[in-house]
Amino acid sequence: MMTISMTKGTGIVTSVPSDSPDDYAALMDLKNKEALRQKYGIKDEHVLPFNPVPIINIPEFGDLSAVHMYDTLKIKSQNEKDKLKEAKDKVYLKGFYEGKMLVGICKGELVEKAKPKVKQHLLDEKLAVPYYEPEGEVISRTGDTCIVASCYQWFMNYGEESWKEFVREHLLSDQFNAYTDKTQREFDLIIDWL
């Protein structure tokens with residue numbers, strides 16, 4: 001798939017050609033273009049026998065919404081970014097609010113209701129873990145490209161008064177030495193500013 005950034009996150013994504021126009025266009029490019037398969041070292045048996053599997057029914061678009069929009073908009077390849085954006089916007093919006101699951105633990109339920117249930121089921125069964133990644137490339141102050149991973153995240157609410165009071169007490173304790181009165185005052189100001 002040409003739109004995947006290999007420099008962001010893992011570079012690995014799930015392909016859902018039944019309901020993602022981008023994924024279906026990539027699948028069709030690989031099926032129809034032997035030179036593309038050869039360029040990336042993809043064997044025929046990795047692509048040719050596979051077709052989208054219906055997982056969501058969307059009113060007006062059917063069980064294979066990506067295929068429907070691909071054909072309706074006469075998309076020819078994954079290079080047709082404007083048409084694919086239009087297809088994606090229509091499919092994702094309608095699919096989320098009106099689509100019904102055809103398979104799985106939430107079969108028959110609206111996607112909007114099923115999504116959090118499936119997520120919780122995967123977490124409960126230890127089949128998934130929370131994963132976060134930055135929206136774009138992360139560059140350090142030195143200009144180096146950073147590799148960012150988050151296995152566990154926690155955040156401090158710097159505006160919380162109990163935290164500020166705890167820090168103020170520490171700044172006045174014998175365990176803290178600011179070395180100069182000016183630095184001590186700056187710490188006090190910064191705590192109020194945070």
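How exposed is Phe-96, in relative accessible area? Phe-96 comes out partly exposed, at 28%, on a scale where buried means under 20% relative accessible area, exposed over 50%, and partly exposed in between (1.4 Å probe, protein chains only).

## Ground rules

This is a predicted model, so to speak: local features need pLDDT of at least 70, side-chain atom pairs count only at pLDDT 80 or more, and totals for chains, interfaces and linings use all residues. Residues are numbered from 1 along each chain as its sequence is written, and side-chain values use heavy atoms, with hydrogens and water left out.

## Aromatic pairs

There are 3 aromatic pairs here. To count, rings of Phe, Tyr and Trp (its six-membered ring) need centres within 6.5 Å; planes under 30 degrees apart are stacked, over 60 edge-to-face, and the rest tilted. One of the pairs joins Tyr-24 and Tyr-70, edge-to-face, with 4.9 Å centre to centre and 90 degrees between the planes. Tyr-24 sits in helix α1 (residues 21-32) and Tyr-70 in helix α3 (residues 65-72), so this pair ties together parts 46 residues apart in sequence. Helices, by the way, are DSSP runs (H or I, at least four residues), numbered from the N terminus. Both partners are buried: Tyr-24 has a relative accessible area of 9%, and Tyr-70 has 8%.

Phe-96 and Tyr-97 make another edge-to-face pair, at 4.9 Å centre to centre and 85 degrees between the planes. Like Phe-96 at 28%, Tyr-97 is partly exposed, at 45%.

## Around α3

Back to Tyr-70's helix. The buried residues of α3 are Ser-65, Ala-66, Val-67, Met-69 and Tyr-70, and they pack against α1 and α4, with contact meaning heavy atoms within 4.5 Å. Just after α3, Lys-74 takes a positive phi of about 55 degrees.

## The largest pocket

The largest pocket has a volume of about 1100 Å³. A pocket here is an open set of points on a 1 Å grid over the protein atoms alone, where a 1.4 Å probe fits, with protein on both sides within 12 Å along at least five of seven lines; lining residues have an atom within 4 Å of a point. The volume is the space filled by probe spheres set on the points, which are joined across faces, edges and corners.

Its lining has 24 residues, with Thr-14, Val-16, Ile-56, Tyr-92 and Lys-115 nearest the centre. Helices α1, α4 (81-98) and α5 (111-124) each supply at least two lining residues, and α5 gives the largest share, 6 residues.
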